[in-house]
Amino acid sequence: MEDNQNSIFALKTSAGQERNVAMLLKLKADKAGVAIKSIVVPESLKGYIIVESASKIDMKNPEMRIRHLRGIVGAQKDGTIDMKSQITLEEVKRFLKPKPIISSIQKGSVVELVSGPFKGERARVVRLDESREEVVLELVEAAVPIPVTVKADQIRIIKKEAN
């Protein structure tokens with residue numbers, strides 16, 4: 001947001017339709033002459049997209065009607081946009097850096113392996129190595145508990161361990 005004329009807005013969408021809305025918004029904005037500089041679809045922010053625009057986005061304009069686009073966060077009921085509806089670049093930066101997968105895994109949790117030779121097997125988390133993003137597991141249905149070390153992105157949490 002180096003140019004003072006640009007504003008950043010959060011737009012509400014239907015959950016799961018963020019990418020579709022972003023693509024349609026860009027196409028329709030080009031046709032309507034709305035100067036959109038960038039559109040961000042953060043994975044961690046379900047139901048919202050972030051738009052940087054040099055001009056105001058008029059949600060009342062029939063050319064800007066997009067299915068699954070619900071409105072601008074903070075906009076007035078009549079569709080007008082004030083300074084309160086704009087967000088800062090610092091607020092956007094929070095959503096741009098993804099959290100490591102391993103940060104959501106806890107020792108004792110039950111997981112399912114989603115790739116590798118044990119794909120589809122359930123296992124319990126025995127140990128975490130956050131520096132390498134590796135998890136040591138014990139297969140639940142194995143007769144003899146064998147520790148298996150896999151990357152954190154190769155598992156899906158089924159049941160978190162209660163603290």
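How many bridges join strand E1 to E3? Select residues 7-13, which form E1. There are 6 bridges between E1 and E3, and the two strands run antiparallel. Keep in mind throughout that this is a predicted model.

**Stop 1**

Select residues 48-53 to show E3. Color Leu 11 and Ile 49: Leu 11 stands opposite Ile 49 in E3. Is E3 itself enclosed or open? Of its 6 residues, 5 are buried, so E3 is largely enclosed by the rest of the structure.

**Stop 2: helix H1**

Select residues 18-32 for H1. The helix has 15 residues. From first C-alpha to last it reaches 20 Å, close to the 21 Å expected at 1.5 Å a residue.

Show the side chains of Glu 18, Val 21, Ala 22, Leu 25 and Ala 29, which are buried. They lie on the same side of H1, because they cover an arc of only 100° around the axis. An α-helix has 3.6 residues a turn, so residues three or four places apart point the same way.

What covers these buried residues? The cover includes E1, E2, E3 and E4. Turn the view to the face of H1 that points away from the buried side. Arg 19, Met 23, Leu 27 and Lys 31 are the exposed residues there. Then step just past the helix to Gly 33, where phi is positive, about 80°.

**Stop 3**

Go back to the loop between E1 and H1 and select Ser 14. Buried or exposed? Ser 14 has a relative accessible area of 14%, under the 20% cut-off, so it counts as buried. Leaving out residues up to four places away in sequence, Ser 14 touches Gly 47, His 68 and Arg 70.

Next, pick Arg 67 in the loop between E3 and strand E4, residues 69-72. Arg 67 counts as exposed because its relative accessibility is 68%, over the 50% cut-off. Draw a distance from its C-alpha to that of Leu 25.

**Stop 3: Ile 102**

Move to the loop between helix H2, residues 89-96, and strand E6. Select Ile 102 there. It is buried, at 3% relative accessible area. Which residues is Ile 102 in contact with, leaving aside neighbours within four places in sequence? They are Leu 128, Asp 129, Glu 130, Glu 133, Glu 134, Val 135 and Ala 152. Take Glu 133 from that list: it is 31 residues from Ile 102 along the chain, with 6.0 Å between the C-alpha atoms.

**Stop 4: the five-stranded sheet**

Finish on an open sheet of 5 strands. Trace its order as E9-E8-E7-E6-E10, with antiparallel pairing. The edges are E9, residues 147-151, and E10, residues 155-159. Each of these edge strands pairs on one side only. Look across the sheet for its twist, which averages 45° from one strand to the next.

Now zoom in on E6, residues 110-113, beside E10. The two run antiparallel and are joined by 4 bridges. Select Glu 112 and Arg 156: Glu 112 stands opposite Arg 156 in E10.

Terms used:
Residues numbered from 1 in each chain as written. Predicted model: local features only at pLDDT ≥ 70, side-chain atom pairs only at ≥ 80, totals over all residues. Heavy atoms only, no water. Pairing = 2+ DSSP bridges. Axes fitted to C-alpha atoms, helices over the stretch in contact; angles between N-to-C directions. Buried < 20%, exposed > 50% of the residue type's maximum accessible area, 1.4 Å probe, protein only. Contact = heavy atoms within 4.5 Å. Expected span 1.5 Å × (residues − 1). Arc of directions from axis to C-beta.
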